[in-house]
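Dear colleague,

Please find below the structure that I am handing over to you. My notes on it come after the display.

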Amino acid sequence: MSYSELSILLGGPQGSGLETAMLMLSRALAYRGYGVLADREYFSNITGRHSYVLIAVSTRRLPRSLTYPVQLLVAMDAETIFTHFENVDVGSVLVYDKEVEAKKLTELSSMEDALRGRISNNLRTSMLGDDVSSLLKSFESRRVTTIGISYQEVLKELVERFSLDPRTLSKYVSGIVTSSAALILGLDREALRYGFESVFRGRATVVEQNMYLADLVWKELREFEGLLKLKKPEIDVEKVLVATGNDVVAMAKVVSGLRYQSYYPITPAADESFLLEKYELSEVGGTIVGPIVVLQTEDEIAAIASAIGASLVGARSATATSGPGFDLMVEGVSWAGMNEVPVVITYYQRGGPSTGLPTRGSQSDLLSSVFSAHGEFAKVVLSSGDHLDVFYDTIEAFNIAEKYQVPVIHLLDKFLANSTATLPLPDLNTVKIDRGLLSKGQEGYKRFSLDSLVSPRVFLGTPGIVMWYTGDEHDELGHISEDPVNRVRMYSKRIKKLQLIEEEVPRDIKLRVYGHVRGDFCLIGWGSVKGVALDALEVLEKKGYRGAYIEVKMLWPFPAREFLEAIDGVELKRLIAVEHSYGVNIVALISMATGLVISKKVAKFSGRPIVLSELVPAVENLLTTDANYVVLEYGE
Amino acid sequence: MAEERCRNCVYFQPHIFFPYIGYCDANEKPAHEHGTCEKFKKVSLDELLSALNRKGGVYCITCGVTIVDRSELENHSREHRVVAGIVFDEAIAAEARSAD
């Protein structure tokens with residue numbers, strides 16, 4: 001039997017090679033033409049707690065969503081088996097470390113008591129013992145093939161063969177995980193080698209050691225080769241990128257001509273800046289085309305302030321942060337609004353309030369970002385639905401910022417940031433850089449000229465040109481002014497840019513419609529909801545429900561006209577809003593902008609991603625019962 | 001009486017996640033928990049106390065925590081596996097993301 005689509009879960013202690021295994025397997029699969037989407041779930045402590053990677057693999061397309069149950073579970077430790085034994089499909093495969101068979105639930109020191117209690121109750125209810133061997137026996141009734149391999153023996157042989165430093169063990173444990181998964185999926189040795197080489201680039205010895213290890217694993221597990229064999233891939237994409245959302249933002253910022261990026265390290269934003277730091281010097285054809293200065297500032301206040309400063313002197317400028325960091329930035333955002341400074345804030349949402357769930361996903365900062373900062377001024381909040389959109393939208397965020405001289409918040413989230421996806425290579429021929437209305441200035445230059453809503457911009461430091469910037473209200477030159485007539489004109493100028501943006505920004509950047517709007521239902525969402533919503537449309541159509549997904553991309557100014565056009569003729573009761581939050585806050589924004597009150601909502605605020613297997617029944621529930629609010633909770 | 005295996009030897013520093021493999025301080029080379037050698041020296045509370053005083057901390061493999069005082073050590077060592085030193089994996093920095 002062979003498979004078109006599979007769900008895979010790799011689990012183990014954080015810091016033990018799981019991330020590496022995910023990358024190696026994803027790249028090996030991509031090398032052979034399969035589509036991959038992998039979400040990494042991890043604790044906010046430094047090491048040792050249970051992490052896992054949920055992977056969707058497809059032979060037919062680039063996956064857009066994740067789903068349960070899984071057909072392949074590869075466990076580095078006992079905690080993975082206890083935590084995920086209910087996520088495993090009938091007829092699936094479990095690869096585990098033989099040495100943990102005697103391990104009891106009570107011996108897992110890194111497991112949170114609440115989870116231990118839930119698992120313990122489930123085991124009691126199912127009349128199962130509290131050790132791994134009892135779970136392994138229970139898998140028999142679910143026709144799960146359990147494959148034990150002694151990680152210890154394999155590692156021992158490797159350590160002895162190569163006199164390995166034990167400090168490097170995780171590089172090889174990840175090799176066991178990757179090799180066993182590759183064998184079961186029917187991947188060949190060359191693809192596996194590619195996976196190793198792409199992760200251990202420039203470290204040929206480590207690659208060879210991992211290949212030796214793979215041979216040991218394959219010899220041991222030979223009888224299971226191709227047990228979950230993937231069908232021949234049919235994806236019509238010549239080349240793909242394998243990248244996280246963080247990576248894609250960084251790449252897009254380089255393409256957009258970014259010259260200054262500031263940050264204070266925060267999950268899940270920091271990886272973007274770390275990647276940019278690697279490419280501070282951009283070289284094209286042997287020529288350095290200009291450095292990107294990436295500065296780790298002392299805090300987020302300095303990050304936004306320095307990004308504003310860089311923008312004033314003419315650099316394409318950005319900062320990246322998450323909720324707690326953005327809270328510190330809002331005074332700077334207000335200053336940027338007052339001074340019409342084009343600056344991009346890449347905002348990766350995570351679970352709040354406060355430090356909340358630092359490594360878990362959320363979309364609960366929608367209203368916080370739209371209504372951030374005191375006073376009234378024009379700013380733009382833009383969202384992206386998937387990795388490819390992230391690329392183009394990042395560039396668009398700079399274009400909008402500079403064209404209208406406003407701060408732009410590019411609102412992403414942890415799911416996009418930390419998930420690794422195969423995506424088509426972005427078409428750079430379609431990329432346009434718009435730096436807006438620039439001027440070299442002249443005598444009497446007025447930075448805030450009232451002749452037009454967007455005043456020609458001269459960079460600070462241009463010889464012979466003088467301008468003034470202040471947080472206070474100012475006149476056309478930038479001098480402080482409390483004159484009421486000037487106040488009305490200046491204040492209105494800044495705010496009226498919102499109308500200009502509403503009129504000029506193309507519809508495709510504001511809002512997209514997928515599927516049949518006048519069908520049985522219409523999902524409404526934004527950001528990372530897109531993939532799972534689109535897949536839900538397909539599944540629901542097979543069940544007899546025709547529907548659509550309206551993706552609101554530009555969240556502020558809210559595209560009210562386009563939204564109303566999109567839902568024209570659709571009964572209000574057919575609209576279902578979906579969001580990673582408690583309040584499903586897009587509903588409030590829609591209500592404010594259009595007067596429509598959407599009552600049907602799907603919410604998830606456990607910090608785990610919305611998976612297809614839970615969204616479909618939730619929508620069905622809303623369509624067939626009087627329920628108005630469904631809370632999704634699947635996933636540990 | 002504990003077997004004279006690396007697992008029970010004070011010189012054996014297990015890997016933080018995979019404690020069956022580690023480093024032998026006496027032989028200055030990788031070691032496996034089932035290994036044996038003539039330098040074997042049984043882990044004892046006295047040895048652990050000495051390591052605690054010398055290094056400022058020992059490690060409880062069972063709980064996955066660092067022990068930094070004598071009373072904690074006495075409590076853990078009654079029923080848990082406590083070792084004088086631990087091998088941290090060099091990939092931890094790359095694998096475990098910052099989570100401030």
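The notes below cover the interface, selected salt bridges, a few individual residues and the cysteines.

This is a predicted model, in which local features need pLDDT of at least 70 and side-chain atom pairs count only at pLDDT 80 or more, while totals for chains, interfaces and linings use all residues. Residues are numbered from 1 along each chain as its sequence is written, chains are lettered from A and ligands numbered from 1 in the order in which they are written, and side-chain values use heavy atoms, with hydrogens and water left out.

**Interface of chain A and chain B**

Contact (heavy atoms within 4.5 Å) involves 41 residues of chain A and 26 residues of chain B. The two chains bury about 2700 Å² between them, and 58% of this lies on carbon and sulfur atoms; buried area here is the accessible area (1.4 Å probe) that two parts lose on being put together, summed over both. On the chain A side, A:Gln152, A:Pro166 and A:Arg167 lose the most area to chain B, together 22% of what that side buries.

One salt bridge is counted between chain A and chain B, the term meaning a side-chain nitrogen of Lys or Arg within 4 Å of a carboxyl oxygen of Asp or Glu. It pairs the side chains of A:Lys171 and B:Glu90, at 2.5 Å from N to O.

Four helices of chain A, H1 (18–31), H5 (151–162), H6 (169–185) and H10 (270–278), each supply at least two residues of the side that touches chain B. Helices (H or I, at least four residues) and strands (E, at least two) are DSSP runs, numbered from the N terminus. The largest share of that side, five residues, comes from H5(A).

**Salt bridges within the chains**

Over all chains, the structure holds 47 salt bridges. One of them joins A:Asp389 and A:Arg512, with the closest N and O atoms 3.2 Å apart. This pair links distant parts of the chain, since A:Asp389 is in helix H14 and A:Arg512 in strand S19 (residues 511–515), 123 residues apart. A:Asp389 is buried at 7% relative accessibility, and A:Arg512 is buried at 17%; buried means under 20% relative accessible area, exposed over 50%, and partly exposed in between (1.4 Å probe, protein chains only).

In chain B, B:Arg7 and B:Glu33 form a salt bridge with closest N and O atoms 3.3 Å apart. B:Arg7 is partly exposed at 38%, and B:Glu33 is buried at 9%.

B:Glu74 and B:Arg70 form a further salt bridge, at 2.9 Å. These residues are four apart in helix H2 (residues 70–79) of chain B, so about one helical turn separates them. In chain A, salt bridges that share partners join A:Asp386, A:Asp389, A:Asp508, A:Arg512 and A:Lys530 into one network.

A:Arg64 is in the loop between strand S4 (50–58) and strand S5 (70–75) of chain A and is partly exposed, at 31%. Its side chain makes polar contacts with the side chains of A:Asp535, at 2.8 Å, and A:Glu538, at 3.0 Å. A:Arg64 and A:Asp386 are 322 residues apart in sequence, yet 7.9 Å apart in space, C-alpha to C-alpha.

A:Thr394 is in helix H14 (residues 387–404) of chain A and is buried, at 1% relative accessibility. Leaving out residues up to four places away in sequence, A:Thr394 touches A:Val249, A:Ala252, A:Lys253 and A:His410.

**Cysteines**

The count of disulfides over all chains is zero, a disulfide being a pair of cysteine sulfur atoms within 2.5 Å. The sulfur of B:Cys24 has its closest cysteine sulfur in B:Cys37, 5.5 Å away, which is too far for a bond. B:Cys24 is buried, at 9% relative accessibility, and A:Cys522 is buried, at 0%.

Yours sincerely

How values were computed
Polar contact = N/O pair within 3.5 Å; in protein donor to acceptor, adjacent residues only side chain to side chain.
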